[in-house]
Structures are given as structure tokens and as C-alpha cells.
Amino acid sequence: MSHKILLIEDDAATAAYISKGLVEEGFVVDCCATGRDGLFQATGGGYDCIVLDRMLPGIDGMAVLAGMRGAGVTTPVIILSALGSAEDRVKGLVGGSDDYLVKPFAFAELLARIRLQVRRGTATPAIETVLRCDDLEMDLLAHRVTRDGRVLPLQPREFRLLEYLLRHVDQVVTRTMLLEGVWDYHFDPGTNVIDVHLSRLRKKVDEGFARPLLHTVRGVGYRMGVGA
């Protein structure tokens with residue numbers, strides 16, 4: 001079965017270049033030239049990956065991404081952007097994207113990143129369907145996280161980060177482990193993206209509850225568990 005890709009890109013030449021390459025690689029590609037059309041298409045579902053230009057007419061890419069995640073669309077999103085500073089990349093990742101590729105780019109790299117996201121979405125499910133730590137529970141099938149019975153609203157990247165931590169309860173996980181296990185980076189991009197995500201996750205997981213579960217192990221990494 002061919003995988004379906006949604007390409008949201010307003011530059012006609014770039015869209016044609018990407019679409020032609022993906023079709024030649026066996027993908028089915030739908031194209032949209034505006035943020036409004038892209039958001040409408042994305043919320044319709046059925047896509048294995050979304051490639052999203054950040055600078056779009058009308059509704060920009062970040063607003064489209066926020067709209068998707070707000071509507072419960074969990075499809076992997078790769079942002080394409082000429083904005084390539086560390087701050088821009090962090091904003092894109094924190095905003096709910098799964099990857100961020102800076103223009104100009106090599107088609108081979110975009111293709112590799114799309115295939116990686118598609119593989120993640122079609123990987124064989126883990127045997128466990130529920131992960132727990134104290135009164136924190138993650139239901140992998142329902143894609144729902146609760147603590148003491150209260151539902152915690154997590155972004156897709158926060159969900160993946162928490163899942164990784166819950167699979168390593170009471171173990172210290174390093175930045176390198178998180179970069180490889182959650183972001184699929186085999187190098188440190190030199191941004192504070194991990195710290196930003198963990199800070200946001202800690203607020204959702206620990207604030208307002210009696211016992212903190214997400215701990216920083218200074219100089220080493222992080223640990224999910226009861227007790228310091």
C-alpha cells in the first residue's frame with residue numbers, strides 16, 4: 001500500500017519538485033498552497049506524514065500546526081523553512097512538529113526524514129499497552145495520559161518524551177539517550193530543545209500533585225520515579 005503525504009507549500013516550483021520526487025519514490029501526494037486549505041486537508045486524516053512550509057499566505061505554518069494539534073491530528077509533521085536559527089528550530093519543535101528541515105535542502109534528506117516518520121507510524125506496537133509510574137498512567141492504545149485520575153493534555157512530542165521516560169522508570173536517562181530515542185538525532189544540535197520540552201512536561205506531570213515524579217540528575221540527565 002502506498003503511503004500518503006500531504007505537502008503544504010505555497011511556492012509552486014518547490015511544491016512541484018518535492019511532489020515529483022515523492023511520486024517517483026512510490027508515495028501518493030496531495031498538495032495545498034495555502035495554510036487554510038492545508039489545515040482543512042490535514043484534519044480530514046488519512047495521511048502518513050505532513051510536510052509543512054512555515055511561511056504561508058494567510059495562515060502561517062506555525063498557526064496551521066497549532067490548529068492541527070488542537071484538532072487532535074497526531075500525524076507526523078516535518079516543517080520546511082528558510083528560518084534556520086536555533087531559536088526558530090526550537091520554536092518549531094516545541095510547537096508540535098516532529099522534525100524541522102531548513103531550506104535550501106537536499107531532496108534525499110527530506111525523503112530520508114519522511115521515511116523515518118512513516119516507519120515510526122507503522123512500527124509494530126509494543127507489547128505493553130499501559131505504562132505506569134506511581135499514580136501516573138499512560139494508555140498507549142487510547143493515547144491518553146492521566147495522573148491520579150486527571151487527564152494530562154500533552155503535545156505529541158511531550159507524549160513521546162514521557163513514553164520514553166516511562167519505559168526507563170527509575171533509570172537515569174542522558175541527553176544523548178533522549179536525542180536518539182525521542183528526536184532521532186545522533187548528534188547534539190546545540191539547542192535547548194530538550195530542556196524546553198522537559199520543563200513543559202514537568203509542569204504538566206508534577207504541578208499540583210503531592211509527589212514529584214520527574215527529576216533532574218544534575219550533570220547526568222533525568223529520571224522518572226518516586227523520590228529524589
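**Entry 1: terms and ground rules**

Two strands pair if DSSP finds at least two bridges between them. I take helices (H or I, at least four residues) and strands (E, at least two) as DSSP runs, numbered from the N terminus. The model I am looking at is predicted, so I note that local features need pLDDT of at least 70, that side-chain atom pairs count only at pLDDT 80 or more, and that totals for chains, interfaces and linings use all residues. Residues are numbered from 1 along each chain as its sequence is written, and side-chain values use heavy atoms, with hydrogens and water left out.

**Entry 2: strand E3**

I began with the neighbours of strand E3. Strand E1 (residues 4-8) pairs with E3 in the parallel sense, over four bridges. I looked up Ile8 and found that its bridge partner in E3 is Leu52. Strand E4 (residues 77-81) also pairs with E3 in the parallel sense, again over four bridges. Here Val51 stands opposite Ile78 in E4.

Is E3 enclosed or open to the outside? For this I needed a cut-off: buried means under 20% relative accessible area, exposed over 50%, and partly exposed in between (1.4 Å probe, protein chains only). Five of the five residues of E3 (residues 49-53) are buried, so the strand is largely enclosed by the rest of the structure. I checked the two faces separately. Cys49, Val51 and Asp53 are buried on one side, and Ile50 and Leu52 are buried on the other.

I then followed the chain onward. E3, helix H3 (residues 61-70) and E4 make a right-handed β-α-β unit. A crossover is right-handed if, with the strands pointing away from the viewer, the path from the first strand over the helix to the second runs clockwise.

**Entry 3: a sheet of three strands**

Next I looked up an open sheet of three strands, which has the order E10-E12-E11 and antiparallel pairing. Its edge strands are E10 (172-174) and E11 (214-217), each of which pairs on one side only. The twist averages 35° from one strand to the next; for angles, axes are lines fitted to C-alpha atoms, for helices over the stretch in contact, and the values run from 0 to 180 degrees between N-to-C directions.

Three bridges join E10 to strand E12 (residues 221-224), and the two run antiparallel. In this pairing, Val173 stands opposite Tyr222 in E12.

Which helices pack on the sheet? Contact here means heavy atoms within 4.5 Å. Helix H6 (residues 156-166) touches E10, E11 and E12, and its direction makes about 75° with that of E12. Helix H8 (residues 193-206) touches E11 and E12, and its direction makes about 140° with that of E11.

I also checked how covered H6 is, and ten of its eleven residues are buried. Among them are Phe159, Leu161, Leu162 and Tyr164.

**Entry 4: Val173**

I stayed with Val173, which is placed in strand E10. At 1% relative accessibility, Val173 counts as buried. Leaving aside neighbours within four places in sequence, Val173 is in contact with Tyr164, Leu165, His168, Leu178, Val220, Gly221 and Tyr222. I also noted that Val173 and Val217 are 44 residues apart in sequence and 9.0 Å apart in space, C-alpha to C-alpha.

Ile18 sits in helix H1. Its relative accessible area is 0%, so Ile18 is buried. Not counting residues up to four places away in sequence, Ile18 touches Leu7, Leu80, Phe105, Phe107 and Leu110.

Rings of Phe, Tyr and Trp (its six-membered ring) pair if their centres lie within 6.5 Å; planes under 30 degrees apart count as stacked, over 60 as edge-to-face and the rest as tilted. The structure holds one aromatic pair. Tyr17 and Phe107 form it, edge-to-face, at 6.0 Å centre to centre with 70° between the planes. The pair links distant parts of the chain, with Tyr17 in H1 (residues 12-24) and Phe107 in helix H5 (residues 107-122), 90 residues apart. Tyr17 is partly exposed at 44% relative accessible area, whereas Phe107 is buried at 15%.

**Entry 5: cysteines**

How many disulfides does the structure hold? I counted a disulfide as a pair of cysteine sulfur atoms within 2.5 Å. The structure holds zero disulfides.

Cys32 counts as buried, at 8% relative accessibility. Cys133 is buried too, with a relative accessible area of 5%.
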